[in-house]
Amino acid sequence: MTPADLLTDAFSRVLGVVETVLDGADDALLVQRPGPDANSIAWLVWHLTRVQDDHVADVAGTDQVWTEEYADRFALSLDPRDIGYGHSSAQVAQVRAPAGLLMDYYRATHARTLDFVAGLAPDQLDRVVDTRWDPPVTLGVRLVSVVDDCAQHAGQAAYVKGLLAS
């Protein structure tokens, strides 16, 4: 198994969870929150997609899918560079989108991600991509971090759906 195969499998697992979460979710369920300050399914899926889009575009040296096509379609009153990190409860409530649009954005981001990882050779994973940390962050560490963050948020969205849809 190559690093590209491994990363493709990992990111595809996130896709599977996102598809399951959004399947059959209506607009009301997507914005419902299990507590007054809890994250909604819409916010969780939007945020995990923004993180993946932002971080992969950064290491790939490409534009984000969000700024190319989806920021205007979502029409959120947030800065287009916003990925949701540190959002207040009020900002979480601003993220509203139908399941189809959330799914389209995730699929486009997923495709862009797979295009990038498909061309990775093992030695490229050692390239330092962020010197703000000690030790500096390599491409391999950054991609594993993105998979981990996205998988956790997808799991949270699945939990919220199970909690609220019952």
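Colleague: Which side chain of opposite charge is nearest to Lys161?
Modeller: Bear in mind that this is a predicted model. Lys161 is buried but has no salt bridge. Such a bridge would need a carboxyl oxygen within 4 Å of the lysine nitrogen, and the nearest side chain of opposite charge lies 5.7 Å away. That side chain belongs to Asp23.

Colleague: Where does Lys161 sit, and which residues does Lys161 touch?
Modeller: Lys161 has its place in helix H7, residues 139-165. Leaving out residues up to four places away in sequence, Lys161 touches Thr20, Val21, Asp23, Leu29 and Ile41.

Colleague: Is Leu29 buried or exposed?
Modeller: Leu29 is found in helix H2. Beyond its neighbours within four places in sequence, Leu29 is in contact with Ile41, Lys161, Leu164 and Ala165. Its relative accessible area is 11%, and the cut-off is under 20%, so Leu29 counts as buried.

Colleague: How far apart are the C-alpha atoms of Leu29 and Leu164?
Modeller: Along the chain, Leu29 and Leu164 are 135 residues apart. Leu164 is one of the contacts of Leu29. Their C-alpha atoms are separated by 7.4 Å.

Colleague: What span should helix H6 have, and what is the distance between its end C-alpha atoms?
Modeller: H6 covers residues 99-118, which makes 20 residues.

Colleague: Which helices are included in what covers the buried residues of H6?
Modeller: Among the buried residues of H6 are Leu102, Met103, Tyr106 and Phe116. Their cover includes H1, H2, H3, H4 and H7.

Colleague: Within what arc do the buried residues of H4 fall?
Modeller: The buried residues here are Val65, Trp66, Tyr70, Ala71 and Phe74. Seen down the axis of H4, they line one face of the helix because their arc is limited. What covers them includes H3 and H6.

Colleague: How many residues does the largest nonpolar core have?
Modeller: Nonpolar side chains tend to be buried together in soluble globular proteins. In this model, Val18, Leu22, Ile41, Trp46, Phe74, Leu102 and Leu143 have the most contacts inside the largest nonpolar core. H1, H2, H3, H4, H6 and H7 each give two or more residues to this core. The core has 49 residues.

Terms used: Residues numbered from 1 in each chain as written. Predicted model: local features only at pLDDT ≥ 70, side-chain atom pairs only at ≥ 80, totals over all residues. Heavy atoms only, no water. Helix = DSSP H or I, 4+ residues; strand = E, 2+ residues; numbered from the N terminus. Buried < 20%, exposed > 50% of the residue type's maximum accessible area, 1.4 Å probe, protein only. Lys, Arg positive; Asp, Glu negative; His and termini not counted. Contact = heavy atoms within 4.5 Å. Expected span 1.5 Å × (residues − 1). Arc of directions from axis to C-beta. Core = buried A, V, L, I, M, F, W, Y, C linked by side-chain atoms within 4.5 Å.
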